[in-house]
Amino acid sequence: MKELSLHILDIMQNSIAANASLVQLTVVEDPEADTLSFTIEDNGKGMPPEMVTQVMNPFVTGRTTRRVGLGIPLLKAAAEQTGGNINLSSTLGEGTVISALFGYSHIDRQPLGDMAGTMLGLITSYEDIDFVYRHRVGKEEYTLSTKEMREILGDVSFSQPEVMLWLSEFLKENEAALYGGNDTESNH
Ligand SMILES: Nc1ncnc2c1ncn2[C@@H]1O[C@H](COP(=O)(O)OP(=O)(O)O)[C@@H](O)[C@H]1O
Ligand SMILES: [Mg+2]
């Protein structure tokens, strides 16, 4: 994968597949500490401990016949190639938290990519799931909560054209403001 937003989308799709009703994503870019990190927390079905071990090291355990994908190992490789790492903690029946740490200025750190588009796609595709998205860059930060949006907008669909357009503008403007307000700049 070429952009971190694609890893984020993949990991959030795991949460959706695990029947989460709430998925919370926090992205923190800290140029001073020279780190970029993100955390995805869900209240889905969770995993037993042996599964956590297996998804982190899919090539190590040869005994099982269960097919395990590559989304998490690919994220792990992307983080480790920048001097970072990932952390996965899960409780069966309660949910899962996965976080990834990257060297911010590392030459191999993938650009963050299109977070506005990624969140817009998720929110409009999975309307019965609540998303909380926080993005911080240095001291600037904003939060989007679909639950709060629903309270403001009332009983409308996020995929209704006017609402989708508003949401798209909201995301784009807030993303741009994090980097100093230049709307034409992207792919950090
Ligand atoms: N948030 C999650 N909640 C419950 N199970 C998960 C979660 N994330 C991953 N898993 C389990 O770990 C497996 C491996 O995930 P991943 O590496 O992304 O590959 P894939 O999604 O292609 O199977 C998933 O198939 C799923 O069984
Ligand atoms: Mg996956």
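This note walks through a predicted model, from its sheet to its helices and its ligand.

1. **The sheet.** Start with the strands. Six of them form an open sheet, in the order β3-β4-β2-β1-β5-β6. The pairing is mixed. Two strands sit at the edges: β3 (85–91) and β6 (140–145). Each of these pairs on one side only. Neighbouring strands are turned by 5° against each other on average, with direction ignored.

2. **The pair β1 and β2.** Strand β1 covers residues 22–30, and strand β2 covers residues 35–42. The two pair in the antiparallel sense, over eight bridges. One bridge to pick out in the viewer joins Val23 to its partner in β2, Asp42.

3. **The turn between β1 and β2.** These strands form a hairpin with four residues between them. Asp34 lies in this loop. Look at its backbone: phi of Asp34 is near 60°, a positive value in a residue other than glycine.

4. Strand β4 covers residues 95–103 and runs antiparallel to β2, with eight bridges joining them. Ile40 stands opposite Ile98 in β4. Ser37 stands opposite Leu101 in β4. As a general rule, side chains in a regular strand alternate between the two faces of the sheet.

5. **The pair β5 and β6.** This pair is antiparallel too, with six bridges. Val132 has its bridge partner, Ser145, in β6. The strands form a hairpin with two residues between them. Gly138 sits in that turn and has a positive phi of about 60°.

6. **Helix α1 on the sheet.** Which residues of α1 are buried? They are Leu4, Ser5, His7, Ile8, Leu9, Ile11, Met12, Asn14 and Ser15. These buried residues pack against β1, β2, α3, β4 and α4.

7. **A length check on α1.** Here is a sum you can follow. The helix has 14 residues, and at 1.5 Å a residue it should therefore span 20 Å. The C-alpha atoms at its ends are 20 Å apart, which agrees.

8. **What follows α1.** The helix is followed by Asn19. Asn19 is found in the loop between α1 and β1. Its phi is near 65°, a positive value in a residue other than glycine. Asn19 is exposed, because 11 other C-beta atoms lie within 10 Å.

9. **Helix α4.** This helix covers residues 115–125. It lies across β1, β5 (130–137) and β6. It runs at about 170° to β5.

10. **The ligand shell.** How many residues surround ligand 1? There are 16, and the closest are Asn14, Ala18, Gly69, Gly71 and Ile72. Two elements give two or more residues to this shell: α1 (4–17) and α3 (71–80). α1 gives the most, with three residues. By class, the shell has six nonpolar, seven polar and three charged residues.

11. **Asn14, close up.** Asn14 is among the residues closest to ligand 1, and it lies in helix α1. It counts as buried because it has 20 C-beta neighbours inside 10 Å. Gly44 is 30 residues from Asn14 in sequence, while their C-alpha atoms are 9.2 Å apart.

12. **Gly71, close up.** Which residues does Gly71 contact, leaving aside its neighbours within four places in sequence? They are Asp10, Ile11 and Asn14. Met56 is 15 residues from Gly71 in sequence and 9.8 Å away in space, C-alpha to C-alpha.

How values were computed
Residues numbered from 1 in each chain as written. Chains lettered and ligands numbered in written order. Predicted model: local features only at pLDDT ≥ 70, side-chain atom pairs only at ≥ 80, totals over all residues. Near = placed C-beta within 6 Å. Nonpolar A, V, L, I, M, F, W, Y, C, P; charged D, E, K, R; others polar. Pairing = 2+ DSSP bridges. Axes fitted to C-alpha atoms, helices over the stretch in contact; angles between N-to-C directions. Contact = placed C-beta atoms within 7 Å. Expected span 1.5 Å × (residues − 1). Buried ≥ 20, exposed ≤ 12 C-beta atoms within 10 Å, placed from the backbone.
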